[in-house]
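Here is a short walk through a protein model. Look it over first, then follow the text from ring to ring and on to the helices.

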Amino acid sequence: MDAYMEMDRNLPADLCALRDNVHRFAKEVLRPTAMELDRLPDPRDVIAPGSSLWTFMRRAYALGYHTASFPEAIGGLGLHGLGVQIFLEELGWGGADLAISLGVAGAPFGALAMAGNPELIDAFVKPYIADRDARFIGSWPVTEPNHGSDWAMFLASEGEASPAGRATIRRDGDSYVINGQKAAWVSNGTISTHGIVYLMAPAANGQPAGGMVVFIPFNLPGVSKGKPLNKIGQRALNQGEIFFDNVRIPDRYVLATPEAFPMVAAITLTNANSTMAAVFTGVARAAFEAALDYSKDRIQGGKPICEHQLVQKRLFDMFTRVEACRALSRAVMVHNDPPPAIDLEYAIAAKTFCTQASFEVASDALQIFGGNGLSREYPIEKIFRDARASLIEDGTNDVLSLTGALRILDRNPVPI
């Protein structure tokens, strides 16, 4: 179909140009690459040397897309608020898997930039920004074999009920030592060169003292990785385990101590949930557009199926959901920019609503395709699988909803 209608008649010219340029990249580079990688039977082939994944990454880095939200003062694109939402929606339209991979790539370096340590900015952030060959790829290792979405509940309680994580950090002289494992769901897990890692600090009595956030270059001794995860959806997004065996880091790599952990973690989760909302607005839009185009070409009952009223009703419901996703994801992205003035509950509302809507729109789109929707000849079955994964990743929607409820109850106490 033609370019999706933009309701904002006052969208600045620079953001219109951004939207058009990113859409072109998503159409000509991202989507074909994601489709190709999705069909590979072995996830090891996705990340193999010579894979089209690396061609995609290099082309994205060459355009500076890996620095979308980094300040212009240090060489980034300087996008914020509405610009970030537009950027992510267009990438999500092309494919959620590679959109997420590219977005996560900058996570540890963005955390360093926000921390403001000039030495670390010179050593890591500036080389990442200058990278045009995808030599630097970040990850955000949080979940563990026994701990997933309960990390979000930990944030809501502001440290009062912390999970006893397997990945721990302890003081040892003038440095820190890290041991443990992060689960197979770490995005960019087996290809990442650096990470912003969430750990638990044990107290003297052996009970958890609270969380800590650290920056870790993965070429340090003691860091190892598992095999890439084989999944039904978002197959172009590499995910896998990371192991730490007496990994030693200096003081300056610690970005948050237990005292600062709740605030830093809430900022990170807010950004992650807002990102998911924007990306899956694009996914919902892609599903709707595919169904709309197909309905005009598919003949049943002697006429295009778009002339049947039941199909028309389904299409309009899908259109409404897409518009609602865009409105909410934009509003939340603008509201929470810039940190630390953030409201996590709004980001959670956007994530849970937009991912659920994207799944429903993708399901309805597949129904319009009928039997053809089940065939890998058409892109809708991939969109459907990708959308289903979104109800679980970055916190299951059920647990996130409980987390959001705790936040609004604390903000607006219920009268007794």
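**Rings and helices**

Tyr294 and Phe369 are both buried, meaning under 20% relative accessible area, with exposed over 50% and partly exposed in between (1.4 Å probe, protein chains only). The model is predicted: local features need pLDDT of at least 70, side-chain atom pairs count only at pLDDT 80 or more, and totals for chains, interfaces and linings use all residues. Residues are numbered from 1 along each chain as its sequence is written, and side-chain values use heavy atoms, without hydrogens and water.

Now take the helices. Helix H9 spans residues 261-297 and helix H10 residues 309-335. Helices are DSSP runs (H or I, at least four residues), numbered from the N terminus. H9 and H10 pack at an angle of about 160°, with axes 9 Å apart. Axes are lines fitted to C-alpha atoms over the stretch in contact, and angles run from 0 to 180 degrees between N-to-C directions. H9 is therefore roughly antiparallel to H10 (an angle over 145 degrees). Contact means heavy atoms within 4.5 Å. Among the residues making the contact are Ala284, Phe288 and Leu292 of H9 and Leu315, Phe319 and Val322 of H10.

Aromatic pairs come next. The whole structure holds 20. Rings of Phe, Tyr and Trp (its six-membered ring) pair if their centres lie within 6.5 Å; planes under 30 degrees apart are stacked, over 60 edge-to-face, the rest tilted. Phe288 and Phe319 have ring centres 6.0 Å apart and planes at 50°, so this pair is tilted. Phe288 lies in H9 and Phe319 in H10, so the pair ties together parts 31 residues apart in sequence. Phe288 is buried at 6% relative accessibility. Phe319 is partly exposed at 25%.

Technical notes: Helices (H or I, at least four residues) and strands (E, at least two) are DSSP runs, numbered from the N terminus. Angles under 35 degrees count as roughly parallel, over 145 as roughly antiparallel, 65 to 115 as roughly perpendicular and the rest as oblique.
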